[in-house]
Amino acid sequence: MRIEVNRERCEGNGVCVGIAPALFELDDEDYAIVKVDEIPSDHDELATQAIAECPRAALIARG
């Protein structure tokens, strides 16, 4: 699975970082960024939770 961040929707709330700090961080402008190209299979559940709990629905799963 890959995750993209819609920067137009992201408000930098950091919910994704709180759920999965190994996968997400905030950049210098407080937008979420994905730290890995491909989500490791042992992190699928956390990635899915971060997508579901993003308050602005800014995270999009691909593949």
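Analyst: The part in question is the loop between strand S2 (24-26) and strand S3 (32-34), where Asp-30 lies. The model is predicted. Asp-30 has a positive phi of about 65°, although it is not a glycine. Its relative accessibility is 45%, so Asp-30 counts as partly exposed.

Now the salt bridges of this loop. Asp-27 forms one with Arg-7, with the closest N and O atoms 2.9 Å apart. This pair links distant parts of the chain: Asp-27 sits in the loop between S2 and S3, Arg-7 in the loop between S1 and helix H1 (15-19), 20 residues apart. Arg-7 has a relative accessible area of 37%, so it is partly exposed.

Glu-29 also meets Arg-7 in a salt bridge, at 3.0 Å from N to O. Glu-29 lies in the loop between S2 and S3 and Arg-7 in the loop between S1 and H1, so this pair ties together parts that are 22 residues apart in sequence. Glu-29 is exposed, because its relative accessible area of 56% is over the 50% cut-off. Taken together, Arg-7, Asp-27 and Glu-29 are linked in a network of salt bridges.

Next, the setting. The protein chain has two helices and four strands. From the N terminus on, the order is β-α-β-β-α-β. The salt-bridge count comes to five. One of them joins Arg-62 and Glu-4, with the closest N and O atoms 3.3 Å apart. Arg-62 lies in strand S4 and Glu-4 in strand S1 (residues 2-5), so the pair ties together parts that are 58 residues apart in sequence. Arg-62 counts as partly exposed because its relative accessibility is 40%. Glu-4 counts as partly exposed too, at 39%.

A positive phi also turns up at Ala-57, at about 50°, and Ala-57 is not a glycine. Ala-57 is found in the loop between helix H2 (44-53) and strand S4 (59-62). At 47% relative accessibility, Ala-57 counts as partly exposed.

Finally, the whole chain. A compact globule of 63 residues would have a radius of gyration near 11 Å; the protein chain has 10 Å, which agrees. Of the 63 residues, 25% count as buried. Among contacts with a separation of 6 or more, 58% come from residues 24 or more positions apart. The chain has 6 positive and 14 negative charges, and their mean positions are 5 Å apart.

Methods:
Residues are numbered from 1 along each chain as its sequence is written. This is a predicted model: local features need pLDDT of at least 70, side-chain atom pairs count only at pLDDT 80 or more; totals for chains, interfaces and linings use all residues. Side-chain values use heavy atoms; hydrogens and water are left out. The radius of gyration is taken over C-alpha atoms; the globule rule is 2.2 Å times the number of residues to the power 0.38. Buried means under 20% relative accessible area, exposed over 50%, partly exposed in between (1.4 Å probe, protein chains only). Contact means heavy atoms within 4.5 Å. Lys and Arg count as positive and Asp and Glu as negative; His and the chain ends are not counted. The place of a charge is taken as NZ of Lys, CZ of Arg, CG of Asp or CD of Glu. A salt bridge is a side-chain nitrogen of Lys or Arg within 4 Å of a carboxyl oxygen of Asp or Glu.
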